[in-house]
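Welcome, and please take a look at the structure below. The briefing that follows walks through a few of its parts, topic by topic.

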Amino acid sequence: MYSKKVTVQNKTGIHARPASMVVRMCNQYKEQEIHFIGNGRDTNPKNIISVLSAGLSKGTEIEVQVIGENEETVCNEIVAFIESLTD
Amino acid sequence: MQSCYEDLVILDVEAENYEDAIRQVGALLYNGGYVKDTYIDAVVEREADFPTGLILQDIEIAMPHTAGIHVNKPAVCVAKMKHPVEFGHMGDPDTKVKAEMLFMMAILDPDAQIETLQNMMGVFQNSQAVAEFKAAKTEKELFEVAHKYIG
């Protein structure tokens, strides 16, 4: 397992549109198991309901955990994606 | 904070497609002064790129919305479709959702959006709440259920 922390920076947080983008991205990694640990929850970022239920607002710290092939690369890509959200 | 209002519930919406459904339901928000005249077109445009359909355990829904610049007063318009209307899925645009209900959101404050969505996810995953939404046969009953669970 490889993990890295990231803080949600975009002003509206991971609401509907960013959430859709995160879910679409994470579903590209079919072989990997991914968790977002934050807000006292273990969120499955491949599931939109799970992401929307997590309330990942601006300032929330998320630990992105990836288990599986190329886990470090995948984790860094997800972290970079969350950091790149501007909406 | 109140989100649901008696003039923002509607039953038996007959819509041909998602755009028709958004335009009909959005008209309630516009006629009540909750949103600006740019809101409906903005929601339709956003829905095409980022669909809002969700498949839950007991119900399929859609939550069309757009940015706060098109909104005057925050609210959620609750609509039951006469027949399910096809929307794209929020998590995967290739998956089709047969939406039985629309929860069309007018969100003014971006900070409130996350909280509203989180709250509504809790409602839609609550079998009792979903059963009450499905059982509502009059607009008064629908409003009472919406107000009880969404606010």
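Predicted model: local features only at pLDDT ≥ 70, side-chain atom pairs only at ≥ 80, totals over all residues.

Residues are numbered from 1 along each chain as its sequence is written, and chains are lettered from A and ligands numbered from 1 in the order in which they are written.

**Helix α5 of chain B**

- This helix covers residues 139-149, and its buried residues are B:L142, B:V145, B:A146 and B:Y149; helices (H or I, at least four residues) and strands (E, at least two) are DSSP runs numbered from the N terminus.
- Viewed down the axis of α5(B), these buried residues fall within an arc of 95 degrees, so they line one face of the helix; the arc is taken from the directions from the helix axis to the C-beta atoms.
- Among the elements of chain B that cover them are β1 (9-13), β4 (75-88), α3 and α4 (127-135).
- Just after α5(B) comes B:G151, with a positive phi of about 120 degrees.

**Where the chains meet**

- In all, 17 residues of chain B are in contact with 17 residues of chain A, a contact being two C-beta atoms, placed from the backbone, within 7 Å.
- Helix α3 (residues 110-124) of chain B gives the largest share of the side of chain B that touches chain A, nine residues.
- That side of chain B divides into eight nonpolar, six polar and three charged residues; Ala, Val, Leu, Ile, Met, Phe, Trp, Tyr, Cys and Pro count as nonpolar, Asp, Glu, Lys and Arg as charged, and the others, Gly among them, as polar.

**A closer look at B:L56**

- You will find B:L56 in the loop between β2 (53-55) and β3 (60-62) of chain B.
- B:L56 is partly exposed, with 16 other C-beta atoms within 10 Å.
- Leaving aside neighbours within four places in sequence, B:L56 is in contact with A:I49, B:I61, B:F124 and B:Q125.

**Confidence**

- Chain B averages a pLDDT of 94, and 100% of the residues score at least 70; pLDDT is the predictor's confidence in each residue, from 0 to 100.
- The model scores ipTM 0.80 and pTM 0.90.

How values were computed: Buried ≥ 20, exposed ≤ 12 C-beta atoms within 10 Å, placed from the backbone.
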